[in-house]
Amino acid sequence: MQLCTQRAHVTHQRMAGLGGWAIDAPTGTSAPVVRWSDELRAILDCAPEHSPQLEMSLSWYPPPSREALSQALEAAFQHGTPFDLELQLVTIRGRPLDVR
């Protein structure tokens with residue numbers, strides 16, 4: 001059942017043009033682990049095998065958006081504070097996007 005649900009989720013993301021991401025918060029000496037959906041890789045003009053790193057991902061945001069996202073992530077890591085932001089991002093190919 002879970003495999004069918006995952007397949008449906010992937011299909012829905014493709015149809016809607018929506019991607020998803022998750023970050024496992026750092027613990028002790030470990031760095032945050034970033035995971036992207038295949039559709040998000042496509043939206044961001046990345047190769048399917050692209051393995052995102054947090055610092056590299058943040059560099060795609062212009063300074064005001066990068067600062068807002070960095071502060072939101074820090075609050076989430078430290079205090080579990082949720083966030084919902086609308087930001088600007090520039091893809092690997094230089095295409096500007098408004099993201100949420």
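Modeller: Let's start with a term: rings of Phe, Tyr and Trp (for Trp, the six-membered ring) form an aromatic pair if their centres lie within 6.5 Å; planes under 30 degrees apart are stacked, over 60 edge-to-face, and the rest tilted. By that rule the structure holds two aromatic pairs. Tryptophan 21 and phenylalanine 83 make a stacked one.

Biologist: Before we go on, what am I looking at?

Modeller: This is a predicted model, where local features need pLDDT of at least 70 and side-chain atom pairs count only at pLDDT 80 or more, while totals for chains, interfaces and linings use all residues. Residues are numbered from 1 along each chain as its sequence is written, and side-chain values use heavy atoms, with hydrogens and water left out.

Biologist: How many helices and strands does the chain have, and in what order do the elements run?

Modeller: There are four helices and four strands, in the order α-β-β-α-α-α-β-β from the N terminus. Both kinds are DSSP runs numbered from the N terminus: helices are H or I with at least four residues, strands are E with at least two.

Biologist: Why is tryptophan 21 called partly exposed?

Modeller: Buried means under 20% relative accessible area, exposed means over 50%, and partly exposed is in between (1.4 Å probe, protein chains only). Tryptophan 21 has 44%, so it belongs to the middle class. Phenylalanine 83, with 33%, is partly exposed as well.

Biologist: And what makes tryptophan 36 and tryptophan 60 a tilted pair?

Modeller: Their centres are 5.6 Å apart and their planes are at 55°. That angle is neither stacked nor edge-to-face, so the pair is called tilted. This pair links distant parts of the chain, with tryptophan 36 in strand β2 and tryptophan 60 in the loop between α3 and α4, 24 residues apart. Tryptophan 36 counts as buried, with 12% relative accessibility, and so does tryptophan 60, with 11%.

Biologist: Which residues touch the most other members of the largest nonpolar core?

Modeller: Trp36, Leu44, Leu54, Trp60, Leu69, Leu73 and Leu89 do, out of 15 residues. The elements giving two or more residues to this core are β2 (33-36), α3 (54-59), α4 (63-79) and β3 (87-90). Such a core is a set of buried Ala, Val, Leu, Ile, Met, Phe, Trp, Tyr and Cys residues joined through side-chain atoms within 4.5 Å.

Biologist: Why does histidine 50 count as buried?

Modeller: Its relative accessibility is 15%, which is below the limit, so histidine 50 is buried. Histidine 50 lies in the loop between α2 (38-43) and α3. Leaving aside neighbours within four places in sequence, histidine 50 is in contact (heavy atoms within 4.5 Å) with Trp36, Arg41, Met56 and Trp60.

Biologist: How do you know that arginine 41 and aspartate 38 meet in a salt bridge?

Modeller: A salt bridge needs a side-chain nitrogen of Lys or Arg within 4 Å of a carboxyl oxygen of Asp or Glu. Here the N to O distance is 3.6 Å, so the pair qualifies. Both residues lie in helix α2, three residues apart, about one turn of the helix. Arginine 41 is buried at 12% relative accessibility, whereas aspartate 38 is exposed at 53%.

Biologist: How many salt bridges does the structure hold?

Modeller: Four. Among them is the one between aspartate 24 and arginine 35, at 2.7 Å, N to O. Aspartate 24 is in strand β1 (residues 21-24) and arginine 35 in strand β2, so the pair ties together parts that are 11 residues apart in sequence.
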